[in-house]
Structure formats: structure tokens, C-alpha cells
Amino acid sequence: MQKLTPEDLFSLERYARERSDFRSRVLVHKKNRRMALGANAALYFEDRLTIQYQIQEMLRTERIFEMEGIAEELYAYNPLIPDGSNWKATFMLEYGDEQQRHAELAKLIGIEDKVWIQVDGFAPVNAIADEDMERSNATKTSAVHFMRFELTVEMAAAAKAGAALNAGIDHPQYQIGVVPLPEPVRASLAADLD
């Protein structure tokens, strides 16, 4: 998947005009890019469109319009676009109550290394997590992690040919066995592959 360039982005003025329609399109697109893993965890699979939306929102919020600032945002977010042989996702641990979230994050240290995806007929692929910076420490993990699931050529070909996809988590405090990805999510992820 091609990385974004400054030419792919809307100016602040154009984005202000088109934001509502663009946002609606992205939200519909994202429905087929989310995978719940139990009641409190989810994978949000990123692609070129979801990352463009993130960048556009950052530029809007921070009022960034100079080329240097735009280049910094592209540098920060482009690595989250899949490369054609992998899937990239934002992993969220979602607890509505702040005290519960704090307590659970203390129990879930290392969970980011225990999330996996499996192409039917192949061994599970564990996430490569937080390549940009460490998000866990000795007392807790973060509620947000960035993950890459690297596939072999054979796995990618099978996924593109329609093989089922499963996901799960093998953390002692958060066990999620084989969870089949719904067909719309599976098809969306297969489209990310070269």
C-alpha cells in the first residue's frame, strides 16, 4: 500500500469544507476494520484511508499548514500503513471506568506481545508491538498499542484466496481463544495484501 505524500492531503480550507463527508466515509470504512477480542480489547486495523483521516484530524486540530509540520505528521503516521505483506493495527484495551482501567492495566503487562492472528491452515502470527516506543513498564501496560502482523508469502496468498482468519490473545490474565474474523473484516484485510 502506498504511503501518503503531502499531495494526498487536503489543505486546511478544503478539509474544513469536506470534513463531514470525508469523516462519514471513513466511519463506514472503519466498521469493517475492527475486531473485538473479548469485552475489553479490540484491534482497529489501519490502512491508507484510516491514516489519512488521522493525519487530517491532527493537521486540523493543531492548525498545521506549513510543509515542515505536514512532513512531521507524515513521518509519524505513514509507518502505520500496511506494507502489502502485513496488517497493522491499533490495539485498544477499553475500560469505561477509570479505576477499573488502572487496575486491569496493572494486570495486563505484556499483553501486547500475546495478541495473534492466524490464517487458516497456518500457525498463528504474534504481533510485533510498539516498534516506535515502549508502552509498558514494570507497573502497567498502556491502553493503546501499535501492532504489526507480518505474513509469509503463502499466508498472504491464502488470505487473498479467501482463507478464514482468526485472532486471539494468550495472556494469563486475558485469555481469548480462537475468534473468527467476520467476513467483512476478513475481506477488508485481504484487500490490504499485495
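Predicted model: local features only at pLDDT ≥ 70, side-chain atom pairs only at ≥ 80, totals over all residues.
Trainee: Which residues of helix 6 are buried?

Mentor: A general point comes first. An α-helix has 3.6 residues a turn, so residues three or four places apart point the same way. Here, helix 6 spans residues 183–190, and its buried residues are V185, R186, S188, L189 and A190.

Trainee: What do the buried residues of helix 6 pack against?

Mentor: Their partners include three strands, namely strand 1 (34–36), strand 2 (41–45) and strand 3 (86–93). Helix 5 (153–160) and strand 8 (165–171) are also among the elements they pack against.

Trainee: Now the pockets. How many residues line the largest pocket, and which lie nearest its centre?

Mentor: A pocket can be read by its space, its lining and the classes of its residues. The largest pocket holds about 310 Å³ of space. Its lining has 13 residues, with A76, P79, L80, D132 and F146 nearest the centre. Helix 3 (67–77) and strand 7 (144–150) are the elements that give two or more residues to this lining. By class, eight lining residues are nonpolar, five are charged and none is polar.

Trainee: Which element gives the most to the lining of the second largest pocket?

Mentor: Helix 2 does, with three residues. The second largest pocket has about 180 Å³ of space. It is lined by 13 residues, and K30, Y44, E46, T50 and T90 are the closest to its centre. Strand 2 and helix 2 (48–62) each supply at least two lining residues.

Trainee: How many residues of each class are in that lining?

Mentor: The lining of the second largest pocket has six nonpolar, three polar and four charged residues.

Notes
Residues numbered from 1 in each chain as written. Heavy atoms only, no water. Buried < 20%, exposed > 50% of the residue type's maximum accessible area, 1.4 Å probe, protein only. Helix = DSSP H or I, 4+ residues; strand = E, 2+ residues; numbered from the N terminus. Contact = heavy atoms within 4.5 Å. 1 Å grid on protein atoms, 1.4 Å probe; cavity = no way out; pocket = protein on both sides within 12 Å on 5 of 7 lines; lining within 4 Å. Points joined across faces, edges and corners; volume = space filled by probe spheres on them. Nonpolar A, V, L, I, M, F, W, Y, C, P; charged D, E, K, R; others polar.
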